[in-house]
Each structure stands twice: as structure tokens, then as C-alpha cells.
Amino acid sequence: MSDDPHAATGGRDIHTVRFPAADPPDQVAVLIVGAGPVGLSAAVELTARGVPVAVVDAARSVVLVRAGAMGHSPRTVEHFRRWGLLHRIRAAWTFPPEWNRGIRLVTSLAGHDLVPVRPLGDGPGRFSLARPIRRPQTALQQVFLDHLRQRGVTVAGGWRVEQLDEVGDGVRVTVTETTTGATRTIRSDYVIGADGGSSTVRRLAGIGRDGEHATEKMFRLVVRTAEGALGPAPSGTNIVVNQKASGFLAAISTREWRVYAGPYALDAEPAESELLATARAAFGTDVDLELASATTFYHATRIAQTFRRGRVLLAGDAAHVRTPGGNLGEGFGDVVNLGWKLAAVHSGLAPEALLDSYDAERRPHNWRIADHALDRSRRSRAVLAEIRAGGIPDDADLSPAAEARRAEIGELLTGDGGNRGEAPGVTFDERYDASGVIWHEPGQLADETPWAAAVYEDDPRPGHRAPDLYVDPWGDTLYDRLGDDFGLLVLGDDRTVEHALTAEAAARGLRLTVVHLTDGPSRYRYGTETGSILIRPDQHVAWRGDTLPPGGAAAVLDRILALPHASKGTTTMADYLDFTAPVGLRTRGTVLIVPGRGESTATYRRLGARLAADSYRVRVAPAPIIDDTDVPGSLDRYASLLADAVKGVGEDGPVTPLVLVGADTGAAVVAGLVTRPAPDAAWWPAAVVLAGLPGGTAYQAENWDDELDGRTHCPVHRGVLSDDPSVRPGSLTEPIPPLLLETAYAGTADLPHLLLAGADDPYSDRERLARLAESLPLARLAVVHGGHHDVLNDLQHRTVAAEIVTFLEALRSGPPLAPIIQTAHSAW
Ligand SMILES: Cc1cc2nc3c(=O)[nH]c(=O)nc-3n(C[C@H](O)[C@H](O)[C@H](O)COP(=O)(O)OP(=O)(O)OC[C@H]3O[C@@H](n4cnc5c(N)ncnc54)[C@H](O)[C@@H]3O)c2cc1C
């Protein structure tokens, strides 16, 4: 036997990965906190897109025996391939890959197969040209580190993030060197918190988590054997089921194996001898074992309440942890979703609003996966209990009865309740259905088959993963052709859409690769012989069609980059801003805010947070776009947007009462909508708030300062409007279609109305408003002293929010609607 500890791997040290000893920079575009696999892959992704990054990690090294992830899905391998690192990851094996014979289901390593071993296939999988791979996450980290070193990216080990301050247009992060205690500040445009499950960045950004706590704990053991003790090529990846051990028994090096023990009570501290006895039962032989490491993990779900707060973005375990067995795959999915968006914002191609879609797309996806994983782990534990109760024959028992029982156990394990059911939905179905930057097709979201873990079919509808395929018979793939760019698949002979989209993309400096799919099978995979399909750099379909929608190529690119698009007749983007009630408090109702001219969802961040602090679930929808030649159609389109908006606000629909709050033209649209009774519609409100309903007077602001004066005197809000690139200056001079105002002021709906008007609003018509209040059966007109047009966001914003909360609380206690507090005496 060789004395060289790394002889088996040709001299590679597979046990310890050392982070470089470097000083963090003073300034960088994106600071990544955490050099785990997610943080390092984020650096790889952003560097490939030309975004300057640096990584800091509190640790100086990581070790194989504490590595979590081993198995990586074909979807993850597709990312490795796009990063150009698949070959290096393959070469970074830590035990001879030929030890793997798929995942064997056994009574013990030395015992019996419980299901026949499936022969290794040699073609591509059904839904991907990639195959899954097994490499410990430390091996991936080493490859990422080498790649980043070659590109001159700073990765600084031994620096712990201690403090984080958002300052104007950036973030100031204070880091402390763990050995010397020296501190430094790093100024960056954005921070990615990839600092694991107990993320400091998440805590410093004030982001809470939801989900289920564990009631028991599990141990992940790494045990060491003598070299060759298990034969020359033992089966490297096994799932063991016997009376003492259960779960993975997997080689991580030629001498070290991972095995699981538990469940134990949360406060249990089992003796080493007990843990080793479980490990020995998994091997099924009396092999000499040394305990190299024992770490705890939990069957629990903890998901951040938002993946983005301002300039802080969370990814990987910092954003979501779930029952083990693939969470790193979701972490890589976060990185791939976020990378192109952050690069587009960094280069000025897209506004910051694009980053909101990161949360809107990834958080619901992670919830789906986590719920499935927890359910599956509960079911498989119930099956294990059933199997153990029914008996598991001793490995030495070779009788026909024992063989029959083993076959029965195999069937129980592979059946519905077992742990071995395929879950292609988890691997491939990352559909983004709550996203405002996807051009979903009319009715698509209502018609689609619901997401299911066990089901996946290639489905190139907007929001879904674009299927990969060979573009020629020599192995070139679609994903290789597209690389890091946006892609346009052209399936027919008509090149009108192609010419329009390529011209628009070129004008914006957006890299777009066009691929003409002419062969039948490829077109078959995309389910059409004609039309074009626009694919985002994360390989998700953004839009498809035979012809471009109204607004043309500009409208399509505007939506997928979250840019406001002003052309007439287009539906608005469904990009929501969400606020939830404080953790532990029951949600008291739901408020949907409809902004007005020129405003973005971010305009209502302060009001949203305030109402949410009072336990209301708040969602800010995008401002309506009104076509003056088709006011009823515009109202119809906004009604369907609201129908979409209420879908995702609560697990079982919105918590009632549901109240619509409109501002400016948003108020006019809300008022217009409730003149057309639709009590069965999911968005139909219990009451409405109309704030700053415009009178139609054409006050002409001369410049931005003048417009701001008409809107608000609150210095903070003036800053919010001025700093938000999505806010359109000059928008208040845009005429409002007279038919919309006539409809709004003709309102007679018997819903409770709270009308809020600023006493100094140059855009309001107080007499007309008073007449409306009198004509409505249940209205209250509240005039705000000194308030301007943006009455929800003026100096009196706290009092105005309190007035809304008072209205909401009265609604909750009604009907009949009555004030909760009566002033019996007041000296002022
Ligand atoms: C038993 C088990 C089995 C698993 N199996 C699989 C599997 O087969 N497949 C799979 O995909 N996933 C699996 N996982 C999950 C996987 O291990 C994790 O999802 C993965 O480690 C998350 O990577 P990350 O980069 O987000 O976080 P981490 O790997 O936790 O990295 C976070 C980094 O941040 C650093 N850090 C923390 N705080 C600070 C601070 N204040 N300042 C600076 N740096 C800081 C830490 O030092 C650390 O290096 C498994 C997990 C467990 C427990």
C-alpha cells in the first residue's frame, strides 16, 4: 500500500479545500458572502457575464468529511456544462467512479439487493441530454476556486461578515478577519448572501423565515475503513434498509463512507459506540470503523420571507433549507436565475425591478420542492416503520420465504409511499408561473396541469424550461449553441418576428442568438412547425408566438427585462411587490394596491410595509395601462391581471376581507371596475379605497421638481420617486381617457368606499369628488390637510395609513359598517 495519502487520486488532495488568503477589495460591483458551492457558482456565473465580483468566507477551508451534497441532477449538470466546467468536475472524482452502479437498494452493503439492479444506460436521459453525476460538493468548490483564480477573481477566506448597511446606491459591508480581528468595509452595488442556513446576511437584512421546524434530529456520519477493507470495487452508492440502519451508504473516498443514523430526540447525544454500531449494520460486516465526523441535520423547511430586500439578495441555503437530498440543486437554480438579471441591471439593460422577479420566480418554486420533500420524507419513514414491523430477514437467511419477503420489501420501497419514486418534476419543472417578466399566453396559467413532483413532460410554454436537443447529428446541443445569451428559436420560414426581435435586441445591446430549427424531430420537441420561441439565458421560455403582440418586439423585450412599456393596448406586466404580516400574527385581510400614472410597484413599499405591520397581507400590482380607444377592454385586461394577482396571495386564496386600494388612475380603474359587478370573480373586493382620484384637470407640471411638488412634499418619498428608474417623469401630464373618468365618477356600487383626497392636490376636482361620495351608498370622503396628489405618500403618510387601517378594521367588524371609535369629547 502506498504511503501517499493521495495516491488513489493521482496526487490530488481531495480532503481539504483551502480558500485563498486574500484581502477583500474596498469596492466591487457584487459582493458574494459565502464560498460554499452556491456562492462560488454565483461568482462563476457573474464573472462569465462580465460583472466584477468578490467572495468572502468566514472559514479558511472546507473538508470532504463535512460535505453535504454528493448527487447532482441532470439539470444541475446542464449548468456545469454551460459554465464550461463539466469536464473538470468529472475529473475531480474522490473515489473511482466505476464503484458506482447506480443507486442500489440493499439490506446492507454485504447483503441482498431489494430491487433488481438496473443496468447503466448509455444514452441521454429522457428529458435531458445530461446525466446525473456524483461528486462531493467540496470537489465542485475546488473546481470553482481554480476557475475563479484563473480569472483573477478575489476569494478571501477568513473574513466574516459582521455588519451590513444600505447606503444610497449601494451597500457597505463590514468584515472582520477571524484570526487578527482586523476589520474592513467593502462597498458594493449588491450583496448576495450565500452564507448558508444560518445566514448572517439574511439576519442583518431583517428577513425572517417561514416553514416547519424539525421535531427530531438525524446524524450524518463519515466513517473510515482500512484501504481495501471492502474489496477492490465495492458498490459506491447504496440505500440501506435493515432493522438498525436506513438511508444512504455512500463512498466519499476510497476509505471514507457516509452513513446515516437516527432519528433521535432533539436533545439526544448518542454515544460514539452506538453511532458506529448503526454504521456497521449498514455495511453488514464486522469491518473496523473509525468515526471521522458526525454532523446533525433535520427534516425541516425554512424558507426566507423574501429572497430580495433592496440591494441584498439571498441564494442557496441562505434562502431555503429543506429535507436533505438536493437542496444544492435549487441553490444552483437560484444562481442561474439571478445571474443574467443582475448582469442586465449592472449593464443598464434592465431596471432594478427585474430583480423583484428573482423572488417572484424562485421562492414559489422552492416552496413547491420543499413541501414535496417533507411529504416524501414523512411517507418514506412510515413505509420504513411498516417494513420493520413486518420483519426484515437476516442477511444469512437464504430460504425461499426470506427471498419472498425481500421482494415484498422491494415493492413497498418502490411503490407510491417509498422513497424511490422518480421525481422528474422536482428536477426539471422549474416553471415560473407567478412571474411578471414572462409573457404568459392568454389563459395559460388557468389551463396548465398543476405542478407535480412525479410528472414532467417537455412543455415549451412561457415560464417553462426550454427543452434541450441535438441541433445536428454530431452532438451539438441547443444549450451549447445558446451559451450565456438570450436565444430565439425560429421554427418556420417566416422571418418577420426574427428580424424585428434581432433589430430590437441589437438596438439595446442585448445578445441574442438565433437558431433555425428546420428538422422535424426538433420541431416536434417544441410541438410546433411554425413561429418563434424566445428563450432567456437561464433556458426558460420568455415568450412564443407566430406574430409579435401589440407593441411589437419592444413590448416583448420590455416585459422580460421589467421595463415599463407605454404602448397602447398591451396588457401590463404582472410584477408584484409583496408584504406579509409579521411572523406569528394571524393575517387580518388582504390589500391589493393599484398604482397610478408613472408609478412603479416600489412606489408603495412604505405603505405596503406599514399595512403589513398591522397584519394585513399586501400585494402591489403594476399600474394599469389604459388604451383611450378601448377603455372597457383595458378594464377587462386589468380585471384579469387582478385575477392573476389574487391567486398567489394566500395558500387557500386571499384572506378576506379583500380590499382594492387605487391611486391616481389606479383609483379610476378600481372605481371603474366596481361599476361592473363581478362578485364571483376572485378579485372582487369587499371594499375599495380611492386615493387621489384625478378630476381630469390638465395641470401641466413644467419639470420634474414641479411634478414632485404636485405629487408630494415628503422628502423621503420625493427621493424614492427620483431614484426609481421605473418611475416615468412627466406621466401626470398624460391625459386620462374621459370615458374612464366618467365611468369612475358615475359609480353607484354599494361596496364601502373610502375616498382619500389631498386638500392641496392640484389634480383633484373636489366638487366632483364630493358629488361622487354623496351618490355612493356607503362612502366616506376623508380630506388630508396639506396633502398633495400622492396622498398615500405625502407628509401625512402615517395618519393616512392609520385611516386605511381604521377602515379595514371597521370592515372586519361589520356589517353594518360603523366607526369603531366615537369621539365623545375633544378639545382640539
Ligand atoms: C445530509 C445532507 C445531504 C445532502 N445531500 C445533498 C445532495 O445529495 N444533493 C444536493 O444537491 N444537496 C444536498 N444537500 C444540501 C447541500 O449540502 C446544501 O444545500 C449546500 O451545502 C448549500 O450550499 P450553500 O453554498 O448555499 O451553503 P454552504 O455550503 O452552507 O456555504 C455557506 C458558506 O458561508 C460561509 N459563511 C457563513 N456565515 C458567514 C459570514 N457571516 N461571513 C462570511 N462567510 C460566512 C460558511 O463558512 C460557508 O462556507 C445535503 C445536505 C445534507 C445536510
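The accessible surface of this predicted protein model comes to about 33,800 Å², and carbon and sulfur atoms account for 52% of that area; such areas follow the Shrake-Rupley method with a 1.4 Å probe, and for residues only the protein chains shown count as cover. Because the model is predicted, local features need pLDDT of at least 70 and side-chain atom pairs count only at pLDDT 80 or more, whereas totals for chains, interfaces and linings use all residues. Residues are numbered from 1 along each chain as its sequence is written, and side-chain values use heavy atoms, with hydrogens and water left out.

Along its principal axes, the C-alpha trace spans about 95 × 70 × 60 Å. The protein holds 23 helices and 32 strands, defined as DSSP runs (H or I of at least four residues for helices, E of at least two for strands) and numbered from the N terminus.

Of the 828 residues, 56% are buried, meaning under 20% relative accessible area with a 1.4 Å probe and protein chains only. Among contacts with a separation of 6 or more, 76% are between residues 24 or more positions apart, a contact being heavy atoms within 4.5 Å.

In soluble globular proteins, nonpolar side chains tend to be buried together. Here the largest nonpolar core has 99 residues, of which Val30, Ile32, Phe80, Phe144 and Ile192 touch the most other members; a core is a set of buried Ala, Val, Leu, Ile, Met, Phe, Trp, Tyr and Cys residues joined through side-chain atoms within 4.5 Å. Helix H7 (residues 327–346) gives the most to this core, with 10 residues. Leaving aside residues up to four places away in sequence, Phe144 touches several residues, including Phe80, Trp83 and Phe332. A second, separate core of 40 residues includes Leu635, Ile736, Leu751 and Ala757.

The backbone also has some particular local features. A cis peptide bond with omega about 5° joins Gly262 and Pro263, and Pro263 is found in strand S16 (residues 256–265). The bond from Thr656 to Pro657 is cis with omega near 0°, and Pro657 is found in the loop between helix H17 (631–647) and strand S29 (658–663). In the loop between S29 and helix H18 (665–673) lies Asp664, whose phi is near 55°, a positive value in a residue other than glycine; at 5% relative accessibility, Asp664 counts as buried.

Methods: Buried < 20%, exposed > 50% of the residue type's maximum accessible area, 1.4 Å probe, protein only.
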